[in-house]
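Reader: I have just opened this one and would like to be walked through it. Could we begin with the surface and then go inside?

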Amino acid sequence: MGQFIGGFGAAFILAAAATVIMKFFLDINIIKDRKSVIAYSKISLSVIAIGAVYLFLAAMIFNSIKSRVNFFEFDTLFNFMGVKKTVGLCCDFDIRHAADGLMMPLYPYIVNVIGKIVFNQYLLTASFISFASACVSACVLYSLLSRKFTKEKSVNILLAAANLPYAFMLFAPTYISFSLMLILLSALALEKKNMLSFAAATVLACASSKIGFISVLIYPLYRLNVFDFMANVINKSKVLNNGVINRIILAVLVTANGVILSVLIRSIR
């Protein structure tokens, strides 16, 4: 119960801090476009709500087929991908083991440094980084989509992306969400033709996990206009632009994620 209350307390403090910082930036005109702030805030809140649903679902499934577990025991709920080992490497950072599996040294080092600052709360730090990275990823993806699609279509694609198979791993305390954020930032930098930012984001993505090497592939795809071609196909597709079909696809994705999560949790030993 103490961990549960402490987790909600930490979440409340972080939310309050973010609100104060945003208000300060608005007051001193660092952020001038209030409409953009409101739009991206709505996207971030929606992502947090989706993440909370995934966590509640994982806890409910775990309690049903395994044993009682605290809602904030993220390492237990998502241990089907070795989350406990990942968090352990973050707690006791060792460069010799920081590149185990798909992980690279940047992610465990950042969690280790921030975790020490917040009184050795490494698990909550890793979880907060995942949620924050998921929010930034959604905002960046929306920015990319809005350049090629209408507002309504961009939101629909964003909602579908948040419910793709295994999307719940974005909210687990692992490097996945952090790496995805850097990959999308590299794509946005490339779209804005800022090669310096693209190079920086690509290096950081590769340093965060081996998944980050996907960012290297973005450049040739961009040069070949693959993304523009895909956008044209989606815009012209009668199937993908049908509201009923979109809702059916979304329902199938949500159901599939629930089934996948149940199977994975059942496999935890």
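Author: The accessible surface of the chain comes to about 15300 Å², and 70% of that surface belongs to carbon and sulfur atoms; such areas come from the Shrake-Rupley method with a 1.4 Å probe, and for residues only the protein chains shown count as cover. This is a predicted model, in which local features need pLDDT of at least 70 and side-chain atom pairs count only at pLDDT 80 or more, while totals for chains, interfaces and linings use all residues. Residues are numbered from 1 along each chain as its sequence is written, and side-chain values use heavy atoms, with hydrogens and water left out.

Reader: Which residues make the nonpolar surface patch?

Author: Tyr109, Val113, Ile114, Ile117, Val118 and Phe119 make a nonpolar patch of about 600 Å².

Reader: Is Ile117 buried or exposed?

Author: Ile117, which is found in helix α5 (residues 106-117), is exposed, because its relative accessible area is 61%; exposed means over 50%, buried under 20% and partly exposed in between, with a 1.4 Å probe and protein chains only.

Reader: Changing topic, how many helices and strands are there?

Author: The chain has 12 helices and 0 strands, where helices (H or I, at least four residues) and strands (E, at least two) are DSSP runs numbered from the N terminus. Of the 269 residues in the chain, 39% are buried.

Reader: And inside, how many aromatic pairs turn up?

Author: A search of the whole structure finds 11 aromatic pairs, meaning rings of Phe, Tyr and Trp (its six-membered ring) with centres within 6.5 Å, counted as stacked with planes under 30 degrees apart, edge-to-face over 60 and tilted for the rest. One of them is Tyr54 with Phe168, edge-to-face at 6.1 Å centre to centre and 65° between the planes.

Reader: Where in the chain do Tyr54 and Phe168 sit?

Author: Tyr54 lies in helix α2 (residues 34-65) and Phe168 in the loop between α7 (151-161) and α8 (176-191), so the pair links distant parts of the chain, 114 residues apart. Both Tyr54 and Phe168 are buried.

Reader: Which residues form one aromatic cluster with them?

Author: The cluster consists of Tyr54, Phe78, Phe80, Phe131, Tyr166, Phe168 and Phe171. Phe78 is buried, with a relative accessible area of 0%, and Phe80 is buried at 17%.

Note on methods: Patches are made of residues with over 30% relative accessible area and no salt bridge: like charges are joined within 9 Å, nonpolar side chains (Val, Leu, Ile, Met, Phe, Trp, Tyr) within 5 Å. A salt bridge is a side-chain nitrogen of Lys or Arg within 4 Å of a carboxyl oxygen of Asp or Glu.
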